[in-house]
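Here is a short tour for anyone about to set up calculations on this model. Take a look at the structure first, and then read on.

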Amino acid sequence: MSSSASSKTIFDQAIVLRGQKLGDADKIVILLTRNHGIVHAVAKGARKTTSKFGGRLEPFMLVDVSLTAGKDLYTLTQVQTVRAYTSPIMSDYSAYLAGLALIELTESLGKFEEGESSNQLFVMLAGALSSLSSQRLRPLDIVNAYFLRAISLAGWGMNPTVCSHCGSSENLRWFSAEAGLLCENCGRLEVLNVSKPVSEETLHYLSDVFLGRWESVTAISSQHSAKIAYGLISTFVHWQLEKPLKSLALIEKEF
Ligand SMILES: [Zn+2]
């Protein structure tokens with residue numbers, strides 16, 4: 001059998017995270033696929049003006065792809081638009097910054113390989129991009145919701161409805177960069193590096209965005225509680241990743 005006949009082609013849905021230049025005319029595209037986790041794929045000729053891929057490989061695009069497995073990288077053979085989120089997101093600076101943060105976190109959670117967790121992350125990111133592009137929700141609320149859900153899927157904790165140390169859903173009170181949210185009792189344990197108490201209002205906001213109670217988020221929460229919650233989430237994410245996300249510094253300036 002020839003090598004081309006034996007090479008494996010996969011069909012999947014994907015969200016374009018970003019692209020990197022390759023050679024004179026090609027591009028490596030980083031995709032979050034629905035069933036195969038994060039995939040790096042070569043798009044041949046993608047930087048030529050006459051490219052068959054057109055604008056379909058821009059960040060935030062939701063596409064159907066055909067990929068051929070190579071030795072190190074996949075090669076993109078076909079791309080079809082499912083949802084064109086790029087221009088609505090890029091046309092609003094706040095939405096664009098929020099979108100960058102979603103993408104950077106997604107790529108950092110690259111341990112998602114295949115199967116159900118990849119599918120869940122894909123569905124969450126597609127939902128967040130849809131909300132950003134339709135401007136249904138404030139960009140900062142979308143960032144907070146996506147970050148909480150994605151890191152929870154990754155098993156990092158910071159579930160705003162339970163104490164990350166003892167699992168109790170009662171009397172949540174403290175935030176620790178190391179452990180996430182803690183109840184009144186666990187916050188007093190000296191082994192945990194408690195940094196600050198969390199207000200009732202912030203806790204409400206965190207569980208509302210985590211659980212998707214959007215009516216409650218838009219009705220009662222101020223931009224102020226969204227900012228405080230964002231500060232806690234980004235502190236926690238930095239601690240877990242052991243490196244800052246570049247896009248979060250931009251958000252801190254803008255929002
Ligand atoms: Zn506890």
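Predicted model: local features only at pLDDT ≥ 70, side-chain atom pairs only at ≥ 80, totals over all residues.

Residues are numbered from 1 along each chain as its sequence is written, and side-chain values use heavy atoms, with hydrogens and water left out.

**Zinc site**

- The zinc ion has C163, C166, C183 and C186 as its protein donors, each through SG, at 2.3 to 2.4 Å. Donors here are N, O and S atoms within 2.8 Å of the metal (3.2 Å for Na, K and Ca), and since water is not among the atoms, sites may look incomplete.
- Along the chain, these donors are spaced as C-x2-C-x16-C-x2-C.
- C163 sits in the loop between α5 (139-153) and β6 (172-176), and C183 belongs to strand β7 (residues 180-183); the two are 20 residues apart, so the pair links distant parts of the chain. Helices (H or I, at least four residues) and strands (E, at least two) are DSSP runs, numbered from the N terminus.
- Why is the arrangement tetrahedral? The four donor atoms subtend angles of 103 to 114° around the zinc ion. Four donors count as tetrahedral if all angles lie between 85 and 135 degrees.
- For reference, the ideal angle for four tetrahedral donors is 109.5 degrees.
- Both C163 and C183 are buried. The classes are buried (under 20% relative accessible area), exposed (over 50%) and partly exposed (in between), using a 1.4 Å probe and protein chains only.

**Largest pocket**

- The volume of the largest pocket is about 290 Å³. On a 1 Å grid over the protein atoms alone, a pocket is an open set of points where a 1.4 Å probe fits, with protein on both sides within 12 Å along at least five of seven lines; lining residues have an atom within 4 Å of a point. Grid points are joined across faces, edges and corners, and a volume is the space filled by probe spheres set on the points.
- Its lining has 15 residues, and R18, L100, I103, E104 and K246 lie nearest the centre of the largest pocket.
- Two or more lining residues come from each of β1 (9-22), α3 (93-108) and α9 (246-254). The largest share, six residues, is from α3.
- By class, the lining of the largest pocket has eight nonpolar, two polar and five charged residues. Ala, Val, Leu, Ile, Met, Phe, Trp, Tyr, Cys and Pro count as nonpolar, Asp, Glu, Lys and Arg as charged, and the others, Gly among them, as polar.
- The largest pocket lies between domain 1 (3-84) and domain 2 (87-254), because both give residues to its lining. These domain bounds come from an automatic or database domain assignment.

**Second largest pocket**

- The second largest pocket holds about 210 Å³ of space.
- Residues lining the second largest pocket include P160, T161, R173, V198 and H204.
- β6 and α6 (200-211) each supply at least two of the lining residues, and α6 gives the most, with four.
- The lining of the second largest pocket divides into four nonpolar, five polar and three charged residues.

**Backbone points to check**

- Q135, in the loop between α4 (116-134) and α5, has a positive phi near 55° although the residue is not glycine. Q135 is partly exposed, at 49% relative accessible area.
- N171 also has a positive phi near 55° in a residue other than glycine. N171 lies in the loop between α5 and β6, is exposed at 57% relative accessible area, and is one of the residues lining the second largest pocket.
- As background, most residues other than glycine have a negative phi.

**Other residues**

- H238 lies in helix α8 (residues 223-241) and is partly exposed at 27% relative accessibility. The C-alpha atoms of H238 and L248 are 9.7 Å apart.
- Q78, in strand β5 (residues 74-83), is exposed, with 52% relative accessible area.
- T106 is part of helix α3 and is buried at 0% relative accessibility.

Methods. Tetrahedral: all angles 85-135°; square planar, octahedral: opposite > 155°, others 65-115°.
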